[in-house]
Amino acid sequence: MTTTFRNFIAGRWIRPSTGAYHENRNPANIRDLIGRFPDSGPEDVEAAVRSAETGFRIWSRVPAPARGDVLRRVGDLLSERKEMIARAMTREMGKVLTETRGDVQEGIDTAYYAASEGRRLFGHTVPSELRSKWAMSFRRPIGVVGLITPFNFPMAIPTWKMFPALLCGNAVILKPSEDVPHTAHLLVEALLDAGLPPEVIQLVHGSGSKVGKALIEHPAVPVISFTGSTATGAVIGETCGRMHKRLSLEMGGKNAMIVMDDADLDLALDGVLWGAFGTTGQRCTATSRLLLHRKIHDRFLRRLEDAAGKLHLGDGRKDGTEVGPLIHEEARDKVERYVGIGREEGLELVTGGSRPRSPKLRNGWFYRPTIFAGARPGSRLAREEIFGPVLTVLRFSGFEEAVRINNGVPYGLSSALYTRDTNLAFRAMQELDNGITYVNAPTIGAEAHLPFGGVKQTGNGHREGGWEVYEFYSETKVCYVDYSGVLQRAQIDNVDNGG
Ligand code: NDP
C-alpha cells in the first residue's frame, strides 16, 4: 500500500488544493516507492501565509527563553528518533547511513544551540552622548519567513534556517526539495510533538517553479532564505530585490584542496577521498578540484587512483557501502555530460568515467568515482560545479600559483591546504578567497556553532549557523530614553565640558 503524505497548513495535515501528487522513489533502487507527496500550488501557499500570520502573532509574544525550551525539546526528540530519520533519509536521497546520522546530528546540535540562544539574543546598551539619557538596541522578530531548501542535507539545512528563525520569534513556511519530502515531514512532526504552536510552522510540498515561486513572490513573506544552485539563487535574488525582501542565499561551490610537497600524504589521501566522494560529490563544499604540488603530483595521483577505484558503491543502508547513488536521473546525466566535456577538453581520465557494471546497481542512479588529471585553470571541469563524484586535478609549482588557481573561479565557499609549514597555513587563511578554509582537513566538515557560507557567487554576504544567523532572522530596534526632563538635541546640545 502506498502512503500518501499531506501538507501541514493551518494546524492540520491537509491535501493539496491541486489534488496532484508526485512519487518519491529511492535513488538506489527506483522500484522502491517511498510515498506520494503533494504537488501543491499557489493556493496552498496563500493558505500557509494566512495561517503563518496568525502563528506569528502568537509566537512573537512568547518570551525567547520559552521559545528556546520548545527547541530544546525538538533536539531531544530528534535525538530519540535519530536512527529512524537517518534510515528514512538514506532511503530517499541515497547517501550512506553514517552521513545521514551526521545530518540528523547537525539538526540536533542546531536545536540545542538555538535553545541556549533564547537566553542570550543580545542587544547592546551603550553610553549616550547626552546627559541623563539611556541608549540601547534590542532584537525583534520580523514576521513570516519563507525557507527553500535543497536535497543534499535534508535535515541539516532546513534546521539551520528554521531553528534560528523560530528562536527569534518568526513563523515559518518550509518548501523542501521535491526529492526529500519525507525527511521534511519527519522534521515537522518532531516540531509539533515538541509543543510548537501549530500555526507557527507550515510545510508546503511541491516544485520550485510553483510553490517556491509563489512563496518568493508573496508580499506578506518579507524574509526568504534559500540554499540551492547559483542559477536558481539569481532568479530568486531578482524577485526579492524588486520586492525589497530580506534574502539569504547559499549557493554553489567549486572547492579546492591544495596539497603542498611537505604535506602528510596519507592524511591528504584520506581527506580527498572523503571530500570528493562523500555524499557522492553532492555537497556544496565537496572537494571538486585537487591542486597537487608538482613534486608529489605523480606519486599522489597513483595512490589516489588506486584508492578511488576501490570505493564500494551501493545502497547506503548496507554495511560496507562507501558511495551511494546520485539523487536522480538528470543528476547522473549531468555527470555524464561533464565526463564527455572532460574527454573533449583532452584531460586524462585517471579512473571512473562510466556507470558501474554490477547488475545489483542497475536500478539506481549510480556512477563510478571519476578523476580527471591534466586540467588547466581555464578548463570547464576546473571551473563549473558538477555536483557529482567527479574530481579534477591540477598541477602547480608554488604556493602563490595555488592561491591564484584557487581564487580564479566564480565561487568562494571552502578551500583546504595540506602542509606542515605553519607560516603557509596562516597565509592560506588570509589569502584563499573563501568563506571557509581548512588546514590539514578536507573542504567539508562545518560545525553547527560557527558561521557557514561563502563569498563571490556562492552567497550574498549572509551566514548560516553560529551566532551570525540570528541577526538575519531578527530586526534591530534602537530605543532612547531621555530622563533629563529638558529638551536635549543630539548632535547640537552634546558639547559638554563637564561644567
Ligand atoms: P536547486 O537550485 O535546483 O533547488 C533548490 C531549491 O530551490 C529546491 O527546493 C527547488 O525546488 C527550489 N527552486 C527551484 N527553482 C525555483 C524557483 N524558480 N523559485 C523558487 N524555488 C525554486 O538546487 P539542488 O536542490 O539541485 O541543490 C544543489 C545545489 O545547492 C548545488 O548548486 C549546491 O552547491 C547548492 N548547495 C549550496 C549549499 C550552501 O550552503 N552554499 C549547501 C547545499 C547545496 P524543487 O523541489 O523543484 O527542486
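1. Buried here means under 20% relative accessible area. By that criterion, five of the five residues of strand E18 (residues 414-418) are buried in this predicted model, so the strand is largely enclosed by the rest of the structure. Ser414, Ala416 and Tyr418 point one way from E18, while Ser415 and Leu417 point the other way. In a regular strand the side chains alternate between the two faces of the sheet.

2. The pairing of E18 deserves attention next. Strand E12 (residues 255-259) runs parallel to E18 and is joined to it by four bridges. Within this pairing, Ala256 has Ser415 of E18 as its bridge partner. E18 also pairs with strand E19 (residues 436-439), again in the parallel sense and over four bridges. Here the bridge partner of Ser414 is Ile436 in E19. Between E18 and E19 the chain passes through helix H13 (residues 422-431), and this β-α-β crossover is right-handed.

3. Which residues touch the most other members of the largest nonpolar core? They are Met162, Phe163, Leu166, Leu191 and Tyr473, in a core of 79 residues. Leaving aside residues up to four places away in sequence, Phe163 touches Leu71, Val74, Leu78, Gly107, Thr110, Ala111, Ala114, Leu187 and Leu191. A second, separate core has 39 residues, among them Met257, Leu269, Leu301 and Val393.

4. Leu394 belongs to strand E16. With a relative accessible area of 2%, Leu394 is buried. Its contacts, not counting residues up to four places away in sequence, include Arg289, Leu290, Leu291 and Leu292. Leu394 also touches Ala375, Arg376, Pro377, Ala382 and Ile405.

5. The search of the whole structure finds 23 salt bridges. One of them joins the side chains of Glu99 and Arg283, at 3.7 Å from N to O. This pair links distant parts of the chain, 184 residues apart. Glu99 lies in helix H4 (residues 97-117), whereas Arg283 lies in the loop between helix H9 (265-277) and strand E13 (287-293). Are the two partners buried or exposed? Glu99 is buried, because its relative accessible area is 7%. Arg283, at 12% relative accessibility, likewise counts as buried.

6. Arg395 and Asp298 form a further salt bridge, with their closest N and O atoms 3.5 Å apart. The two residues are 97 residues apart in the chain: Arg395 is in strand E16 (residues 390-396), and Asp298 is in helix H10 (residues 297-309). Arg395 is partly exposed, at a relative accessible area of 45%. Asp298 is also partly exposed, with a value of 42%.

7. Another salt bridge brings together the side chains of Arg380 and Glu384, with an N to O distance of 2.8 Å. Arg380 has 37% relative accessibility and therefore counts as partly exposed. Glu384 falls in that class too, at 24%. Elsewhere, Glu83, Arg87 and Arg101 are linked in a network of salt bridges.

8. How many disulfides does the structure hold? The number is zero. Cys479 is in no disulfide, and the nearest cysteine sulfur, that of Cys168, is 17 Å away; a disulfide would require the two sulfur atoms to be within 2.5 Å. Cys479 is partly exposed, with a relative accessible area of 22%. Cys284, in turn, counts as buried at 15% relative accessibility.

9. Pro63 counts as exposed because its relative accessibility is 52%, the cut-off for exposed being over 50%. The C-alpha atoms of Pro63 and Arg355 are separated by 55 Å. Along the chain these two residues are 292 residues apart.

Conventions: Residues are numbered from 1 along each chain as its sequence is written. This is a predicted model: local features need pLDDT of at least 70, side-chain atom pairs count only at pLDDT 80 or more; totals for chains, interfaces and linings use all residues. Side-chain values use heavy atoms; hydrogens and water are left out. Buried means under 20% relative accessible area, exposed over 50%, partly exposed in between (1.4 Å probe, protein chains only). A nonpolar core is a set of buried Ala, Val, Leu, Ile, Met, Phe, Trp, Tyr and Cys residues joined through side-chain atoms within 4.5 Å. Contact means heavy atoms within 4.5 Å. Two strands pair if DSSP finds at least two bridges between them. A crossover is right-handed if, with the strands pointing away from the viewer, the path from the first strand over the helix to the second runs clockwise. A salt bridge is a side-chain nitrogen of Lys or Arg within 4 Å of a carboxyl oxygen of Asp or Glu.
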